[in-house]
Amino acid sequence: MGRSDLPQEMVEDILSRLPAKSLKRFSCVNKSWSTLFQNPCFIAKHQHLSQKNWSIFVSGADREANKPVLFLHPNFDDVAADDDFDSRGIILESPFLEEAKKYKEFVGSCINGIICLKYYVEHNKIHDFALWNPAIREFKVLPSLPIHFPSNVDYEDVGSAFGYDSNSNDFKVITILSYWNDPGYYVTYNWDPNVIMHTQVEVYTLSTNSWRQVDCDPVSHINFPGRFREIYLNGVYHWSGMAPGIAKDYFVIVSFDMRNEVFGILSMPNLGDILDPAYVWEALAVLGNCVALVVFDYRPTDKIFHIWVMREYGIKESWTKQYVIGPFSGIPHIAGSELQILLLGDKILMVENNGEVILYNLSAQKIKNLRVRGLPSLFRASQIMTVVEVEDFVKAQPDAIAHSAAKIISRLKAGGEKTSNLFVGDVREAALIGVDSLGFDLKAPSEYSAERQLNDLLFPRIHHKPQMMKQTPK
Amino acid sequence: MSSVKKVTLKSSDGEIFEVEETVAMESQTIKGLIEDDCADNAIPLPNVTGHILSLVIQYCKEHTSSSDSNSSKSNEKLKAWDTQFINVDLNVLFDLIMAANYLNVKGLLDLTCQTVADMIKEKTPEQIRAMFNIVNDFTPEEEEEVRRENAWAFEISLKNNNVVDTFEVEESMAKELQTIKNMIEDNYTDSVIPLHNVTSDILELVIEDCKKHVEAAESESEPSYSLASKLIDDPLKA
């Protein structure tokens, strides 16, 4: 009954529409299918189609457990009216985050299956970062930020970003630091015109495994990141910021291009007399591959939302007021960051700390109130789009042996001569580079090349030449 | 007297179809030929049989007229029409895919590929190989390794009578139930098994039971079939 005459292109089209679980199951159909599913071009096609099945990825801190929490929600298309959700919350067991470290937050969203974690080690002035690949359950701790300030200068980590450079196939983490030339300043927070605030930006690239400073002169006069949610669109990160004006300060959007590591400034729309800037709450969002702004006046009980879209990137005049929706009653008074707004295609999701979720369908113009149980008391919502889908997060359990790997390896190294005698034959300078439930991995002769191979294994990148993304370091 | 322009299409088995130009232009391939002035005589389509071509023309007709009229033929109605239209057997579906590809009718290609995708997403690898005539070139050890790496993807879903709850269980456990075991081994089922006669509560109990058996078997103690699973096995045999 079987048909073998279907052209390969058609078979791939069909396969690219399958959920990740099916693809994983079909990896054992034959070798060429298994290879196909790891082909970067196929994955890119699949991710594009999978965008219809977004899940919301809500990161937060479980204050009692002091651990990062991942909450995932089903596709909101399937939700019947007035449902109660039991959020599927996963507490990340991360042995590498020992007692002394306090979890802080996830940075940005998930890119190519990788998540960036930012955490705080007690007694350290500045945060640390780690990259996490849930599909293969591996963490990579980033080297500490090299801080060059003299000791009498106060500085603060004010924001971070996580992105991917598609040209060099590299993951990047950005940290924005603010510092003042007056050491006592940050303690008092009294505005002093003689105190100058400076910004310093450090970028980490995975390929070099190091941090370096980047030029932020174009935006050094701007106070950013602001309190609005940042967005990541087409390889460019965007934050809101406050620029000094002649009469008064005004809002702008600061952009950072992950590829050429250049800062830019975008103008916000002219909100005009509709909304009093003093009482306006704004959030950056993405709508239809454009930068968007969700704005409302938070004074009235019944809130009206204005959604602006920058139709042509970078052109202030192209800001168009696309939607005015509401009035919505029953949205309690919102102060700053307690309300989080996401635009998903044609739906607006408003998520509040207490678990209230309001879903507004822009095309159907219908509103739904949902209640999500189990949200942590402090969280940040962001989107997640990935080939490795929801199930992989649900099932992902840290590999206990893999996490002890570093300790096992160092202990073996400490064993010195005794352990090297175990390696017979021509193997000299054999380095023990990996431990997992399948055994020990050795690589000779160079530890550096072994590390690089491990890196490629842990953090798959899209290469221009199609290659197997998983390499076995043997 | 109709002033509407028509084109003539000829299928591989010699059938002739006269179609309005606007309808025929749903196919980008035919559109190109018309625009290049190659469509004065009948356009031969050697890769498409008459039966399939008539279906493609039906699709194009339906989708042209709805883009003309002011969407009074709503999206929902069109979707409903599509659903009914695509309710054909798998061979026809595959032929439609190839015709839609050859004639470059994007909407039809999306519809057919999506339909096949939906059809196969719950299938087992064995069923997929049968469907696409694929030879398994993995050695048993290699295949075992791939399965192990992706163990969670091979879980069997048991759905209760109202398809409200789904229980994911490992294959070994599902096989404890004789009926399911037979279904799996005869390649009779996808990885989602509906159990029409069983409610969630009972199903939960049964699964708990099976778990214990599997654990007991692994620890090499004597398994004893409990009453619950015996009771359930009987209605399942229906």
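Predicted model: local features only at pLDDT ≥ 70, side-chain atom pairs only at ≥ 80, totals over all residues.
**Helix α5 of chain B**

Helix α5(B) comprises residues 90-103, 14 residues in total. At 1.5 Å a residue these should span 20 Å, and the end C-alpha atoms are 20 Å apart, which agrees. The buried residues of this helix include Leu90(B), Val92(B), Leu93(B), Phe94(B) and Leu96(B). Further along, Ile97(B), Ala99(B), Ala100(B) and Leu103(B) are also buried. At the start of the helix, Asp89(B) places a side-chain oxygen within 2.7 Å of the backbone nitrogen of Asn91(B). Just after the helix, Asn104(B) adopts a positive phi of about 55°.

**The largest cavity**

Three cavities of 30 Å³ or more are found in a search of the whole structure. The largest has a volume of about 70 Å³. Its lining includes Leu103(B), along with Val105(B), Leu9(B) and Val19(B); Leu103(B) is also among the buried residues of α5(B).

**Helix α8 of chain B**

In helix α8(B), residues 140-149, the buried residues are Glu143(B), Val146(B) and Arg147(B). Because these residues cover an arc of only 100° around the axis, they lie on the same side of α8(B). The face turned away from the buried side of α8(B) carries the exposed residues Glu141(B) and Arg148(B).

| Residue in α8(B) | Accessibility |
|---|---|
| Glu143(B) | buried |
| Val146(B) | buried |
| Arg147(B) | buried |
| Glu141(B) | exposed |
| Arg148(B) | exposed |

**Arg17 of chain A**

Arg17(A) lies in the loop between α1 (8-15) and α2 (20-26) of chain A. With a relative accessible area of 15%, Arg17(A) falls under the 20% limit and is therefore buried. The side chain of Arg17(A) makes a polar contact, at 2.7 Å, with the side chain of Asp13(A).

Definitions and conventions:
Residues numbered from 1 in each chain as written. Chains lettered and ligands numbered in written order. Heavy atoms only, no water. Buried < 20%, exposed > 50% of the residue type's maximum accessible area, 1.4 Å probe, protein only. Helix = DSSP H or I, 4+ residues; strand = E, 2+ residues; numbered from the N terminus. Arc of directions from axis to C-beta. Expected span 1.5 Å × (residues − 1). Polar contact = N/O pair within 3.5 Å; in protein donor to acceptor, adjacent residues only side chain to side chain. 1 Å grid on protein atoms, 1.4 Å probe; cavity = no way out; pocket = protein on both sides within 12 Å on 5 of 7 lines; lining within 4 Å. Points joined across faces, edges and corners; volume = space filled by probe spheres on them.
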